[in-house]
Every structure is written in C-alpha cells, then in structure tokens.
There are 2 protein chains.
Amino acid sequence: MRCVISFITALFAVFVMAAQQYVSPLVEGDSVVLTLLAPTADSVKVCGDWLAAGERAFMEKDDAGVWRYSCRNLPVGLYTYTYCVDGTNIVDPLSPYVVRDVGQLYTYFIVADHGEMPAYSVKNVPHGTVSTRWYWSEKLQKQRRMMVYIPYGYERCDKSYPVLYLLHGMGGDETAWNELGRASIILDNLIYEGKAEPMIVVMPNGNVAQEAAPGSSSRGLVAVNFNEPNTMDGTFESCFDEIISFIDDSYRTIPVASGRAIAGLSMGGYHSLYISANNPNTFKYIGLFSPATKVRGTHQVYNDIADKLIVLRDAFPSLYWIAIGSDDFLYDEVAMFREELARINMPFIYRESNKGHVWSNWRLYLTEFLQMLFR
Amino acid sequence: MRCVISFITALFAVFVMAAQQYVSPLVEGDSVVLTLLAPTADSVKVCGDWLAAGERAFMEKDDAGVWRYSCRNLPVGLYTYTYCVDGTNIVDPLSPYVVRDVGQLYTYFIVADHGEMPAYSVKNVPHGTVSTRWYWSEKLQKQRRMMVYIPYGYERCDKSYPVLYLLHGMGGDETAWNELGRASIILDNLIYEGKAEPMIVVMPNGNVAQEAAPGSSSRGLVAVNFNEPNTMDGTFESCFDEIISFIDDSYRTIPVASGRAIAGLSMGGYHSLYISANNPNTFKYIGLFSPATKVRGTHQVYNDIADKLIVLRDAFPSLYWIAIGSDDFLYDEVAMFREELARINMPFIYRESNKGHVWSNWRLYLTEFLQMLFR
C-alpha cells in the first residue's frame, strides 16, 4: 500500500493491473499452468518438485514474450517450484505464496479435489494457537526460540495434554515444520476429525549455534547456511532436557513418558534416535522420518548405542516408527539401522514410501505418525 | 534440503555455490550493492523505497551479464526493493529475506550502525511471545485470526497488563503490523530499554470478509485483493466489542479505559477514529497514523461524528495522537480533520514527518506512540 493517489485511484489501478496481468500458478482441478513474462530471456525452465529429481521442464515462449508451461494429472498434493531464467532461479513473480527452505524461496500451490482435501489444506475447522516462545538455555548460555502449537480448547479448560517434540532437519530451524511441514494445519484437521488426540507440539531449533531462524535472531540478516556448526555432535541432544523442563513448567502437560513423543526428519530423526536412546524412560512414542542414524560426532550421547537401545527396548516404548522413501540417499543407512534393531529384538514399525528426501514425504509421515500417538 | 547425495557432498556443494554465487544485497556501513545475474535482459531497474516515490534506478550490466547497482549514504533504516527486469518485477533471487505487502513480495535489508541500531533490529534482549489466536465472531458468524504479542515475563507472573489494539491498513491483514511493521521487535526493544511499558498488543484482521491472512484461511491460495468488501462500511467498527471481550476473557488485562489504547494506519487509523468516537469510555490512548478520516460508508457508527467527538473530548482521553507524512495523499484530508478537532476544542498532538504513505513512517510512528502509553 504505497504511493497511491487515493483509494478510488488505487481501486482503479488494481482493476487495470488485474486486466493486464496473467495469473500464475493457475490451478484447475488436477492441472496447473505457469506463466511468466520474460521477453528477452533465451531459456526458461521450471524446477518443480512434481518432476523427477533433478529434472527441469522447458517453458515455451509466445510472440508476446510470455513463457508457459502446463501439466496435467497431478496427484492431490502441495507442490513447490522456481523458474530458472537463463541461469538465475526466481520465484514466480505473480504469486505471493512462497516458503523458504534453508536459504532458497519456492513458490507453492496445492492441488485438491472436493472429495479429497489434503490434510495440509486449511479447512474451516477449529484452529489451535501457534506461538513463538523463547526460553533461556543455561547450558548454551543463550536465549533460544521454539514454535509451540497448542490445540483448540486448551485455553478454555484445565485439562493436561500430551506433548510431541518435533525436530527439523539440517539447514532447517524452528519454523520449518510449521511452514514447510504445515504441522499446525495437519494437527487442526486430524484433531477435528478425531483422527489424532489433542496434543501440544513443540518445534525447537536444533541448531545450537542459533538463537532463532534467520531474520529472527540478533545475528541479523546473515546468509543462510545449510551447515551450522555443532549440529550433530551431541550438543543438542545433551541440552534437550532444558526444553522438556521449560515445556513442563510452562504448559499443562502430562509430564511422564506416556504423555511424550519425539520425532524428527533427517538430522531431526538422528536427534530423536539419540535423545530417546539416552533417555529410555522419557518418551513412549518415537518417530524417525528419513533419519540419519550413523554416529557423526564424538560425544558420550553416541557411546554404547547398542546397549542403550537394549535398555530402551526393555522400557517398552509404545511405538518406534521408522519411515523413509525408496529413493532416499539415507536408505541404505536406515536399512543397516533396521538390521541392528532386529539383531537386538527391538520392536519397530517400518514404513517405506516412494520418492526421496523431500517435504512431501515428511508431511505424509507426520500425518500418519500423529494418528498413532497417545491412544 | 532435497536431493543431496550425502551430508559431505551437500557441504561441498554449499561451498561451491558460495564461491560461484554473488552476494546480494551486500550491506556495508551505510552503503548497499545489489547484484543480479541476468545475461539476456535488456533493462534492469531497481524499485527501492529509499528512492523518491515512483523513481527507478537503472542497473548496469558487465560483460558477464551481471547487473549491479550501488548506493551510499543511506540513513539507518529498513529498506525494501524489487527488480524490474524487462517489465517483470521480481524479488532478489540471492536473498531469502522477503516481506509480503498486499499481494507483492519485497526483498528487505537493514542499514544500522553500532551507535544507532534501529528499534526494529532484533537485539539480544528478552523477547515476548507472538501467537496466532483464533476467536469466534458471533456477529460475523466466522472464525477469525489475530496476532497477539505478550511481553516477556507475562507467563511467569500473575500481573495484569494494559492492551494496545493495533490495526492494519487497506490490503493488509493481521500479519502486517508484525511482519512489515516489526511490531514485536520494536516492543521487545523499547520495553527492555524502559522506554515503553510492558503491554499486550492485539493485531486483529480488519477485513471482515476474511478469516485470516491469505494462505492461512479456508479460502485457499486465492489472489490477494487490495480491496476486500466491507472494509470501511462500519462492519468492522461495530464488531470490535467482540475482540475486546475475547482479549479481556483470554488474557490478564487491565479491562478499563486507562488500560486500553487503540491505533492504526491508514484504514486502521479510520477504524481507530470511529471505534474510539463510538466508545468514548473504552480507550484512554488513541493513535491515528496516516489515517483516512472522511466517512466512506453509510452506517450508524459514522453518524453524528462531531457530537461523538465532543463526548469523547469530555471523557478526557490521555492521548489523541495524529501523525502523517508531508507527502501523504491523505495529507489534506487529515488537515481538515485537525481543523474539525480544533473547532470543538478537542486536545490532540500532531506529528508530521517527511515522506508519504509508507511503512517506514508507520514503524516510526509506532516507535514514538508506544513510548507515550500507559504512563
């Protein structure tokens, strides 16, 4: 809202813009049409996550300099894309709907049909509250931020709720599960439909060097690193008790193992594995989504892991759930970990999906995992 | 975090990317350099809010197809820009730091110096909690979302706090004041420095047709309209009591006029004007930032406004604060409103800044206004 002459003029300008501009992405049923005005470009490609990994789709230019791409028969889902214009990746200039994954923005759209609205579409159901909460880490000597989801109804009752700790992957931060993973939307929908128990979901920041996500910390607007220091060296795992204490002190929780779950994707799966193994009586529900499993640091939390898993086994977790895509680069590593679990007779459920190390899998895994908790 | 072969490969890829890529925006002291790879483009302009209204700055291309623009002597502040590449506006592909204003994304950066960190830079001070809260509007028969800031310490005490209701402008929504206006950051900093009282800040959605901001409602990912229906026709003003009741029921507030302030920008200033005039004993602090003032709808809340302002005058508000930029398109309208206030001997404070109807003014006004409240 800037530089307008009057509200009337502005209104008129909006109509003129609407008439001049193209709509992109244009989603109709199971098809999408993408449109970009780039009259001087030599080559424009679509980099979309509905394409095969690494595949780019060429757009075609008309005489007016408008590039188009269309695709049909897309399965119900959320899709992200960028354009590659003569070597430079940009988001769609005609859409305000972007998400940030590590340091890159992506435009997104949703393919739905009336019979099958995905669990991550916002529906007209009662909504929980999502908060950015800061806590003081005595061990790390810094303020740190987390996102906390509390279910609809929490504020109007005095009931206690179970807690899921939900951990992001490398390059992510405390916003990743809610923004890219659409966690609060999935929870609202599943809880409303009676498919998941009402629960608190805590999404901490797994990068111990960070206070908070890029742009929300006193570091300022720095470049976003895929690789923060001290991510998989045992520091986060050994500080996790502070987060649990903060949550049990701050919310009406069920502060015993049967009221706690922990799950994470990739690096967050690794964190979940080692935090639960080192604290066998803290969580009854454990979820490893496309996890790294092999030890990547030198720290006491990684010592004697087979023995720790035996102690965890004997504490009888209600659920030890491992999910991975058949194309995931961590597939073989997870297969070895499954063999290790089998060797010690640790019960677990294994879920294999297609595709690889991608958010569409993690939204799917979260949707499935939530329905198995606390019941 | 997608399609990587291994963590080591990913790490290596990041280094390679860093070596290949340019950094943009590159902010050093009071200068900024913008860089864009666009080898086939004929013309690239910068549309930045540090330039004069409507002005575009031409970028220059080198032999490698890289366009550059630099600017020195920028005052401390937050700046937004897009590139116009042969007629298409894009955000800077090299930065993940974007904000959405109505339906358009802008890249942003901050110019600071060590002696003068702007009030809207995230600092290492205690942080409040920001939540997305949903309430049921009986009058509008829909769920609606608001953002609520509660100050650091609220959760650890049983004190009651005053409340500022902070309203967005046309085209905005409940996220605008926190994202574009950086309200929670300004509050954290001013409260820590003792320049503002700890307070709750409620940022509702002023578009009665909307449940929530684009992308967060059950409408889906629709085009973002500057002009929602029923924005300035009295509906929002006449439903505002529901928001106050919800907040007084949900938080430890000081539920009397001396514990309440209302302020807004542009359309939100208009809403603040008419809500406070129709409820003369509800708010002791009123702020109109670049407000529309002339009646734009037919509704009882707009009737007999001079009489209502006299009743408000006789209720002795502690602060009636009007601010506008000298280049604002609403300048004359506000001047007439000031004359009207003078005619009825209504005390008010008038603050004139330079520039026009822009967020840099609204961040400034909020920073000043907060320091005058509840003390």
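Let me start with B:Ser184, which sits in helix 3 of chain B, residues 183-192. This is a predicted model, so please hear everything that follows as computed. Is B:Ser184 buried or exposed? B:Ser184 has a relative accessible area of 11%, and the cut-off for buried is under 20%, so B:Ser184 counts as buried. Setting aside neighbours within four places in sequence, B:Ser184 is in contact with B:Val130, B:Tyr149 and B:Asn178.

Next, the interface. Chain A and chain B each put 81 residues into the contact. Between them they bury about 6,400 Å², and 60% of that is on carbon and sulfur atoms. How many salt bridges cross the interface of chain B and chain A? There are 2. In one salt bridge the side chain of B:Glu155 meets that of A:Arg133, at 3.3 Å from N to O. Polar contacts between chain B and chain A come to 18 residue pairs, with both residues at pLDDT 80 or more.

Several elements of chain B give two or more residues to the side that touches chain A, among them helix 1 (7-20), strand 10 (104-111), helix 5 (240-250) and helix 9 (359-370). Which element gives the most? That is strand 11 of chain B, with 6 residues. By class, this side of chain B has 42 nonpolar, 26 polar and 13 charged residues.

Strand 11 also pairs across the two chains. Strand 11 of chain A, residues 129-137, runs antiparallel to strand 11 of chain B, with 3 bridges. There, A:Val130 is opposite B:Thr132.

Now the strands within chain A. One open sheet has 4 strands in the order 1-2-6-5, paired antiparallel. Its edge strands are strand 1 (26-28) and strand 5 (60-61), each of which pairs on one side only. Strand 1 is joined to strand 2, residues 31-37, by 3 antiparallel bridges, and A:Val27 faces A:Val32 in that pairing.

Strand 10 of chain A, residues 104-111, is another case. Why call strand 10 largely enclosed by the rest of the structure? Because 7 of its 8 residues are buried. Strand 7 of chain A, residues 77-85, runs antiparallel to strand 10 over 5 bridges, and A:Tyr79 has A:Phe109 as its bridge partner. Strand 9 of chain A, residues 98-101, is antiparallel to strand 10 as well, over 4 bridges, with A:Arg100 opposite A:Leu105. Strands 9 and 10 of chain A make a hairpin with 2 residues between them, and A:Val102 in the turn has a positive phi of about 55°.

A:Arg100 forms one with A:Asp173, the closest N and O atoms being 2.9 Å apart. These two residues are 73 residues apart in the chain, with A:Asp173 in the loop between strand 13 and helix 2 of chain A. A:Asp173 is buried, at 3% relative accessibility.

In chain B, B:Lys123 and B:Glu193 form a salt bridge at 3.6 Å between the closest N and O atoms, and 70 residues separate them in the chain. B:Lys123 is buried at 17% relative accessibility, whereas B:Glu193 is partly exposed at 37%. In chain A, A:Lys123 and A:Glu193 belong with A:Lys195 to a network of salt bridges.

Last pair: B:Lys139 and B:Asp241 meet in a salt bridge at 2.8 Å, N to O. They are 102 residues apart, and B:Asp241 lies in helix 5 of chain B. B:Lys139 is partly exposed at 46%, and B:Asp241 is partly exposed at 40%.

Note on methods. Residues are numbered from 1 along each chain as its sequence is written. Chains are lettered from A and ligands numbered from 1 in the order in which they are written. Side-chain values use heavy atoms; hydrogens and water are left out. Contact means heavy atoms within 4.5 Å. Buried area is the accessible area (1.4 Å probe) that two parts lose on being put together, summed over both. A salt bridge is a side-chain nitrogen of Lys or Arg within 4 Å of a carboxyl oxygen of Asp or Glu. A polar contact is a pair of N or O atoms within 3.5 Å; within protein, one must be able to donate a hydrogen and the other to accept it, and residues adjacent in sequence count only if both atoms are side-chain atoms. Ala, Val, Leu, Ile, Met, Phe, Trp, Tyr, Cys and Pro count as nonpolar, Asp, Glu, Lys and Arg as charged, and the others, Gly among them, as polar. Two strands pair if DSSP finds at least two bridges between them. Buried means under 20% relative accessible area, exposed over 50%, partly exposed in between (1.4 Å probe, protein chains only).
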